[in-house]
Amino acid sequence: MMGGMVELARDCDVMVLGDHPCTYVAALLLKQGGVARVQHVTIPTDATPNRAVLVNPKLFELHKSLARWRDAQPLVPVHGMRFLSDDPATSSQHVADEPLAYVARIGDLTQTVRQLAEQAGVTLLTPATLEVHRPDPQGVQLSIDGVAKRACALVVGGELPARDKRCLGISANWEQGVQRRVCYAELPRKRKRGSSSSGDAEGSIVSMSLDLHGTLQWAWLLSTDDAYHLIVEQPPEAPERSPSPSVHEWSRVLADHQVLDAIDPAAAVIASSLMPVTGALSHDSVADRTLLIGPAGGFVSACLEEAYPCCWSAAHAAEVLTEALGQPLLQDALDRYRACWRTNLGLYLQGPQQNLRFLLPMIYRNPAMTARLVEAILAGRNVVR
């Protein structure tokens, strides 16, 4: 006993909440950084759709421990991008010798990094119920399947219920304009229209619309080993379930450019989810004894890329927390997380300017501008050089 207070026993030093790949990256790096007791807990009410995502090759360079991750799941290399206008006579493309990005299923990324975390000694829990209680000077108390648990600090990478957010001091809602609805349809590879001279059928080139149907909506065609993935970014007020007119419009554009056959509206299954695009730029990433990473912190780029920026936030959070646990005032020590990522990742999250309508004629006619935009979208480089 010291100063009239009793030190309560903690079940772990850091508890990581969520099921996004970045949460397992955080748990893995915390454990390998010397934090003795690390637990990873999934959030029963939160699920990450197993959609295809673009992966920046720099993801696997964030930490030496992630080199094994690259070889653990199928990655389809992307050497370039082709911009498609609604007019089938208008398009432009840029192709590089080396891969600018990869395509992977987010479920595959999750499964393989989860295995790495487990091999490193992280305790993995998949509860049926989870409840967060208000932090106190000695830690954060949670109820996991009705059993009380206590952690010194939390890392949150998934969507918590509103009540749990209030307990930790996390904003309940995103600012207007942050949330974007992402609609996606998955088609088996047999739907391809035959061999494409541009390489789309092999997955090496990503097809993209910068102004779908004249509405400034962005749309992508990504390829994995077994399927094509049509993705359309929409305003948040778009219907949660479809069939979505925008996805079918994108399918028509692809068919007009002879990339894929058009989707049969009666047969297509189209899902959607909300994503906090560049939300980290307007959302505080430090709460009570808690660091927000990945989707929970809004670490999604303007180009809808989430694998690299989400895992970058996880690696940085692990570094900051490892040092903060040894400080007398943990909450104050967490401020370094807030300060550092804005300097290093802020411009990356912003991505290229989305209102590119005035640049479209130049993009379609000028190979240098096409190349700059492709590298900005796939590799996070600045369009202005």
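Buried means under 20% relative accessible area, exposed means over 50%, and partly exposed lies in between, computed with a 1.4 Å probe on protein chains only. The model on screen is predicted: local features need pLDDT of at least 70, side-chain atom pairs count only at pLDDT 80 or more, and totals for chains, interfaces and linings use all residues. Residues are numbered from 1 along each chain as its sequence is written, and side-chain values use heavy atoms, with hydrogens and water left out.

**Stop 1: two loop leucines**

Select leucine 216. At 26% relative accessibility, this residue counts as partly exposed. Leucine 216 sits in the loop between strand E13 (205–212) and strand E14 (217–223); helices (H or I, at least four residues) and strands (E, at least two) are DSSP runs, numbered from the N terminus. Its phi is near 60°, a positive value in a residue other than glycine. Most residues other than glycine have a negative phi.

Next, select leucine 304, in the loop between helix H6 (294–297) and H7. Here phi is near 65°, again positive in a residue other than glycine. Leucine 304 is buried, with a relative accessible area of 12%.

**Stop 2: the largest nonpolar core**

A nonpolar core is a set of buried Ala, Val, Leu, Ile, Met, Phe, Trp, Tyr and Cys residues joined through side-chain atoms within 4.5 Å. Select Leu30, Val55 and Trp69: these have the most contacts inside the largest such core, which has 54 residues. Elements that each supply at least two residues of this core include strand E1 (12–17), helix H1 (21–32), strand E11 (147–156) and helix H7 (307–324). H7 gives the most, with 12 residues.

Now center on valine 55. What does it touch, not counting residues up to four places away in sequence? Its contacts (heavy atoms within 4.5 Å) are Phe60, Ala101, Tyr102, Ala104, Leu109 and Ala307.

A second, separate core has 37 residues, among them Ala101, Ala271, Val300 and Val374.

**Stop 3**

Select residues 179–188, which form strand E12. Seven of its 10 residues are buried, so the strand is largely enclosed by the rest of the structure.

Two strands pair if DSSP finds at least two bridges between them. Look for valine 182 opposite serine 273 of E16. In E15, histidine 229 is the bridge partner of glutamate 186.
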